[in-house]
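I set out to look at how two chains meet, and then at a few local features away from that question. My entries follow in the order in which I looked things up.

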Amino acid sequence: MRPVSYNIKKKPLEADISMAEMPEGHQGQGFFATTLDNVIGLARKNSLWPLPFATSCCGIEFMATMAATYDIARFGSERVGFSPRQCDLLMVMGTIAKKMGPVVKQVYLQMAEPRWVIAVGACASSGGIFDTYSVLQGIDQVVPVDVYVPGCPPRPEAILDGLMRIQDLVGKESLRRRNSEQYKALLESYGIQ
Amino acid sequence: MSEPLTNRSKPVDRRPMNWVERLYLVNIFKGMAITLRHFFKKKATIKYPEETRPFSKVFRGLHILNRDEEGRERCTACGLCAVACPAEAITMEAAERQEGEEKLYREEKYAAKYEINMLRCIFCGYCEEACPKDAIYLSQTFTPANYQRKGFIYKKEDLLIPDPVTDPEGYQKALGTINREKEGV
């Protein structure tokens, strides 16, 4: 029998983003003024449209996340689009073979800015057990990844946890980030103009 | 006509509708009744961050490194878990126990470094099976998401269970339902 049930240690988030309940602003009787950044962040994060790029079992787990028991609609992401033009969040789930790499990149390129990427599962985020000639060792070799969700496959709870991390990221993002030099350099490093 | 597969098959009724049927009112109310009935049914949704679902006792999640009753680390860095790992996610470095460290480590050899790459790990539990020293186990905690790759390298301090001697409170928290089972409740 196992000695304990849980690992209670909390691993801190890398580049931690602290959550604010309410944006900073001026408040008075019947009005609340805040910066446009915060309002747009709030709107964006609660209406993320995911594009599921599901190639294997993690995709099945994502289907469970979409279904009534876990209900991804509670996070405003029920509108799963299969057209990259209309989606904000690319969810790559499953093993990406090297031949599939350019396809992932093509899909990423077709998405309109602002766009985010989440790598779900061991295969998409690092290659997992498939350390072979034919499998891409993590999709961050072809597209920049914002959040990684480990697990093989991850439970729906873990996928929702990943989605909440993305929401934190989206809510906190400055409107000028996509025009910044760092962002251009990041895309340049992936060969994207 | 061929034999029907089940006794529930119904031939299609192609007769023209009469005027009551053409109003569609009856069918609309039938449909609305079904919708209305669902308002009073038990909700299927689990509101995840606020409400959690109990996992199975044998759920294979985040690893833990075990201690004995006196709080000494059990791992001797033999490397059997690393050999058994199909994803090659485990790395370790062994060291010899010095004089005066008997309180910290159970045996003469211990793991100075112990790292698991949770992105590589597939939570198969082979490490748990391979361990001869009762040192590594998987827990019912799922691995949380993170922003960068380096956030998934779980070191010894992230994996060790709370010391039952110096941190009994944390130990009880980690135990979860297990101590109740030991007492046979």
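I began with Tyr24(B), which I found in the loop between helix 1 and helix 2 of chain B, where helices are DSSP runs of H or I with at least four residues and strands are runs of E with at least two, numbered from the N terminus. The phi of Tyr24(B) is near 65°, a positive value in a residue other than glycine.

I noted for the record that this is a predicted model, in which local features need pLDDT of at least 70 and side-chain atom pairs count only at pLDDT 80 or more, while totals for chains, interfaces and linings use all residues. Residues are numbered from 1 along each chain as its sequence is written, chains are lettered from A and ligands numbered from 1 in the order in which they are written, and side-chain values use heavy atoms, with hydrogens and water left out.

**Nonpolar patch**

Tyr24(B) also belongs to a nonpolar surface patch of about 1,000 Å², whose members include Trp19(B), Val26(B) and Phe29(B). For such a patch, residues need over 30% relative accessible area and no salt bridge, and nonpolar side chains (Val, Leu, Ile, Met, Phe, Trp, Tyr) are joined within 5 Å; the areas come from the Shrake-Rupley method with a 1.4 Å probe, only the protein chains shown counting as cover. I saw that helix 2 (25–39) and helix 1 (19–23) of chain B each supply at least two residues of the patch, and that helix 2 gives the largest share, 5 residues.

**Interface of chains A and B**

I then counted contacts (heavy atoms within 4.5 Å), and found 48 residues of chain A touching 59 residues of chain B. The two chains bury about 4,800 Å² between them, 58% of it on carbon and sulfur atoms, this being accessible area (1.4 Å probe) lost on being put together, summed over both. On the chain A side, Arg2(A), Asn7(A) and Lys11(A) lose the most area, together 17% of what that side buries.

Across this interface I have 3 salt bridges, taking a side-chain nitrogen of Lys or Arg within 4 Å of a carboxyl oxygen of Asp or Glu. Arg149(B) and Asp140(A) meet in a salt bridge at 2.5 Å, N to O.

**Cis peptide bonds**

Last, I looked up two cis bonds in chain A: Glu113(A) to Pro114(A), with omega near -10°, and Cys152(A) to Pro153(A), with omega near -10°. Pro114(A) lies in the loop between helix 3 (101–110) and strand 5 (116–120), whereas Pro153(A) is in the loop between strand 6 and helix 5.

Definitions and conventions. Patch = residues over 30% accessible without salt bridge, like charges linked within 9 Å, V, L, I, M, F, W, Y side chains within 5 Å.
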